[in-house]
Amino acid sequence: MDKFKLSAAFNYLNECLTLLCEEMDSVEILSCKYFELPTTEKGMEEELSERIDVSTYVGEQALTKCSSAFRDLFLKENQSGKVIKRHPGLICINDPEKIIENRLRQINQAKLDFKKIVLSINNNDARFELVHSAIPGLITLAAYRQIHFESDEPKSVRFTWMQKHATKTLTKEQALALLERSSNYSNPRMIDQASWQKLVESEKARVVSLKSTDKLRIRRPTRVTPEVNVRFTNTHRYHVSGALPFFVLNPSEEIKLGDLNDFVASKPNPRKKEYDFLVDRIYLEKTAD
């Protein structure tokens, strides 16, 4: 594996994205909306927002922002590299000759090919080093994002917010190893080293008290993300990520299009299950047998 192969694959992807943006200027745009979300700055990654304000753009302004979104692949100053900016939007296009559809298929394949090359490097450190020496500042996950589209005349395309949980199962030994590693970390602005060590030791004691056969998992909440909901009938519908603008190709005149509204966290449902975490700090819980 060398830089040339990686750079060539990325350059090809970048050329395809440039062609898409040029072609979007030459086809009939029926409507375009872009929903701008706040950028996450460095050091703010762990904050799960209670509210996300959405700025809505329409028409030419929206189209310009959508075009920029497809090429937003590099880390900017003070921008978090852990929480990648999302670009929800909706572009309705007349594409009878499938110019845009064919280009989107080409781009999505180029993204898959680029991802395959990157992931063929098994060692994480070597992968990071090669990618960022070949393409400095690249956000690889942004380059992987597929551009979703629909050409089969859905009845409606709407937006919603989705909050999921990142789940990982662990053995007792793995949980203890995880806590042991964390005992070497601390945040002196929040807690002194002695207090941190005492906290981690108490967490380890809870895990040590478990039986070796007990099943554990980390169930960590993730940031809310925009999703696109595409409906044909009440039973025929699907949803995809709203991380990039969604294309509707050759839509019917009756199609119903939605907006992405501000996100406001709902109050906890008193009937909803409350999780009793074994270690609150890392969302570690003992699962039911």
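Cys66 is buried, with a relative accessible area of 0%, where buried stands for under 20% relative accessible area, exposed for over 50%, and partly exposed for the range in between, with a 1.4 Å probe and protein chains only. Its closest cysteine sulfur is that of Cys32, at 3.9 Å, which is too far for a bond, and Cys32 is itself buried, with a relative accessible area of 6%. A disulfide is taken here as a pair of cysteine sulfur atoms within 2.5 Å, and a search of the whole structure finds 0 of them.

Before I go on, please keep in mind that this is a predicted model, in which local features need pLDDT of at least 70 and side-chain atom pairs count only at pLDDT 80 or more, while totals for chains, interfaces and linings use all residues. Residues are numbered from 1 along each chain as its sequence is written, and side-chain values use heavy atoms, with hydrogens and water left out.

Turning to the chain as a whole, its secondary structure comes to 7 helices and 14 strands, which are DSSP runs numbered from the N terminus, helices being H or I with at least four residues and strands E with at least two. Of its 289 residues, 41% count as buried, and the C-alpha atoms fill a box of roughly 65 × 55 × 35 Å along the principal axes. If we take contacts, meaning heavy atoms within 4.5 Å, between residues at least 6 apart in sequence, 84% of them join residues at least 24 apart.

Now to helix α4, residues 124–134: which of its residues are buried? They are Leu130, Val131 and Ala134, and they cover an arc of only 95° around the axis, the arc being that of the directions from the helix axis to the C-beta atoms, so they sit on the same side of α4. On the other side of the helix, Asn124, Asp125, Phe128 and Glu129 are exposed. The cover over the buried residues of α4 includes α1 (3–24), α3 (99–119) and α5 (140–144). At the N-terminal end, α4 is capped by Asn123, a side-chain oxygen of which lies 3.0 Å from the backbone nitrogen of Asp125; the cut-off for a polar contact is a pair of N or O atoms within 3.5 Å, and within protein one must be able to donate a hydrogen and the other to accept it, with residues adjacent in sequence counting only if both atoms are side-chain atoms.

Finally, in helix α6, residues 172–182, the residues Lys172, Ala175, Leu179 and Ser182 are buried. Seen down the axis of α6, these buried residues fall within an arc of 90°, so they line one face of the helix.
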